[in-house]
Amino acid sequence: MNENEDNEYNDSSLTSALLHNEKNVDEKMEECTDSLVLPKALTRDIIGFGLLGSMNGILLAMYFTGTYLSFLNIPDDNIGTLVLSGSIGAAVGSALCAILVQQRPGFKVIVSVVFILVGGGLTWLPYPGNMVGVSIIFLGVGILHTIILALTAYKPESTTRSYQVGFAFSGLFGTAIVVIAKAAIPNTVDGEADPYILKNALLSIGIVLPVLKALCFFFIIDHSPWSQANTTSTNIESNAS
């Protein structure tokens, strides 16, 4: 009987200890949950990513308007030629991101901006040279789009939504720019906007926008999250070697 009583006592003590430990774990989990504070997005990040999203899609929208098609002098206004040129450029841009994956975000943004600037300059060439320019513009836009979406992983979810909302409205902004430009530019005798001035004004946007994108990225958005990640990664690699 004494042995049985001892066994029952030991079992009871073990059960009590397990329950006590389980209670402590639950309490610790509740404390961790209560102390967990999700980071809030900085206002500058929300504004910066929203602007980048809207500017990154403006050129794409503008190039598919009838006004731009008339400037590019594509035979029979065949929009399929424009789509093919743009698709090739965007695909190559996404592939280049894999090659540039080890580079810092700022360097990749500069590369994308240079491509867009070069492409914007080539759109002044007669057909088919301007199609090369369109392809290079889409290449740069594809690189920048991939980079910015990847960087939102370092930020709160609201910055991703800000970029997506900006990009969603970029088509409307691009079309609005064309309409406003046609209304603001002096008319010719037949009542239409002067085609020479309109063409140069709209094609100039392909030069101005990438500069604005670079300014937005480097002077509005907070770079500390990925800078800290790069520093940590470098330290780990140094310690491992």
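Student: Which residues of helix 2 meet helix 6, and what makes this a contact?

Tutor: On the helix 2 side they are F49, L52, N56, L59, L60 and Y63, and they meet V134, I137, F138, V141, L144, H145 and I148 of helix 6. By class, this contact has 11 nonpolar, two polar and no charged residues, where Ala, Val, Leu, Ile, Met, Phe, Trp, Tyr, Cys and Pro count as nonpolar, Asp, Glu, Lys and Arg as charged, and the others, Gly among them, as polar. The pairing is called a contact because that word means heavy atoms within 4.5 Å. This is a predicted model, in which local features need pLDDT of at least 70 and side-chain atom pairs count only at pLDDT 80 or more, while totals for chains, interfaces and linings use all residues. Residues are numbered from 1 along each chain as its sequence is written, and side-chain values use heavy atoms, with hydrogens and water left out.

Student: How do the directions of helix 2 and helix 6 compare, and why?

Tutor: The axes of helix 2 (residues 43–63) and helix 6 (residues 129–151) come within 11 Å and cross at roughly 155 degrees, the axes being lines fitted to C-alpha atoms, for helices over the stretch in contact, with angles from 0 to 180 degrees between N-to-C directions. Angles under 35 degrees count as roughly parallel, over 145 as roughly antiparallel, 65 to 115 as roughly perpendicular and the rest as oblique, so helix 2 is roughly antiparallel to helix 6.

Student: What makes helix 5 and helix 8 roughly parallel or roughly antiparallel?

Tutor: Their axes come within 8 Å and cross at roughly 170 degrees, helix 8 being residues 195–219, and by that angle helix 5 is therefore roughly antiparallel to helix 8. Among the residues that make this contact are V109, V113 and L117 of helix 5 and G206, K213 and F217 of helix 8. Taken by class, the residues of this contact divide into 12 nonpolar, four polar and one charged.

Student: How do you know whether T67 is buried or exposed?

Tutor: Buried means under 20% relative accessible area, exposed over 50%, and partly exposed in between, with a 1.4 Å probe and protein chains only. T67 has 14% relative accessibility, so T67 counts as buried. It lies in helix 3 (residues 66–72), and, not counting residues up to four places away in sequence, T67 touches V178, K182, L198 and L202.

Student: Into which class does V118 fall, and why?

Tutor: V118, in helix 5 (residues 105–122), has 43% relative accessibility, so V118 counts as partly exposed. Its C-alpha atom is separated by 7.3 Å from that of I136, although V118 and I136 are 18 residues apart along the chain.

Student: What is the class of A91, and why?

Tutor: A91, placed in helix 4 (residues 79–99), has 49% relative accessibility and therefore counts as partly exposed.

Student: How many helices and strands does the chain have, and what makes a stretch count as one?

Tutor: The protein chain has nine helices and zero strands; helices (H or I, at least four residues) and strands (E, at least two) are DSSP runs, numbered from the N terminus.
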